[in-house]
Amino acid sequence: MNKINIILLLLVLASAFAVVTVQDRSRQFFIALDKAQKGESLLNEDFSRLKLAQARLSNHQLIQDASARQNLHSPSLAETQMLAVPRPVK
């Protein structure tokens, strides 16, 4: 009877140790998940801010105003040069 009690006690201790280990791992995974979700939130904010900036900067009128301030114009046919690219020898 004593041997059975000792074996059962050892099994209960092993089971309790396993439960504590699993709970600790679960807590660590939850902390990692929370950090990843916070990082995702920050990345989504940055992405939204970049999309807004892209939309603002791609405004056609803004581009025309900037080109007028810098005295830029579309190239004419006289300003266009055609370059021959040699084909590689096989």
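Author: His73 is exposed, with a relative accessible area of 58%, where exposed means over 50%, buried means under 20% and partly exposed lies in between, for a 1.4 Å probe and protein chains only. This is a predicted model, in which local features need pLDDT of at least 70 and side-chain atom pairs count only at pLDDT 80 or more, while totals for chains, interfaces and linings use all residues. Residues are numbered from 1 along each chain as its sequence is written, and side-chain values use heavy atoms, with hydrogens and water left out.

His73 belongs to the segment that comes after helix H2 (60-69), helices being DSSP runs of H or I with at least four residues and strands being runs of E with at least two, numbered from the N terminus. Although 71 residues separate His73 from Asn2 in sequence, their C-alpha atoms are 98 Å apart in space. Leu52 is placed in helix H1 and is exposed, at a relative accessible area of 61%.

These distances belong to a chain with two helices and zero strands. Its radius of gyration, taken over C-alpha atoms, is 34 Å, well over the 12 Å that the globule rule (2.2 Å times the number of residues to the power 0.38) gives for 90 residues, so the chain is more spread out than a compact globule. Along the principal axes, the C-alpha atoms fill a box of roughly 105 × 50 × 15 Å, and buried residues make up 0% of the 90 residues. The accessible surface, computed by the Shrake-Rupley method with a 1.4 Å probe, comes to about 9,200 Å², and carbon and sulfur atoms account for 65% of that surface.

Helix H1 runs over residues 2-57 and includes Ile7. Together with Ile4, Leu8 and Leu11, Ile7 makes a nonpolar surface patch of about 390 Å²; such a patch joins nonpolar side chains within 5 Å, from residues with over 30% relative accessible area and no salt bridge.

The search of the whole structure finds three salt bridges, each being a side-chain nitrogen of Lys or Arg within 4 Å of a carboxyl oxygen of Asp or Glu. In one of them, Asp24 pairs with Arg27, and the closest N and O atoms are 2.6 Å apart. Because they are three residues apart in helix H1, about one helical turn separates Asp24 and Arg27; Asp24 is partly exposed at 30%, and Arg27 is partly exposed too, at 45% relative accessibility. Another salt bridge joins Asp34 and Lys38 at 3.6 Å, N to O, and these two residues are four apart in helix H1, again about one turn. Here Asp34 counts as partly exposed at 31%, whereas Lys38 is exposed at 52%. Arg49 and Asp46 also meet in a salt bridge, at 2.5 Å from N to O, with three residues, or about one turn of helix H1, between them, and Asp46 is partly exposed at 35%.

Over the chain there are 11 positive and 7 negative side chains, and the centres of the two sets lie 10 Å apart; Lys and Arg count as positive and Asp and Glu as negative, while His and the chain ends are not counted.

Key
The place of a charge is taken as NZ of Lys, CZ of Arg, CG of Asp or CD of Glu. Patches are made of residues with over 30% relative accessible area and no salt bridge: like charges are joined within 9 Å, nonpolar side chains (Val, Leu, Ile, Met, Phe, Trp, Tyr) within 5 Å.
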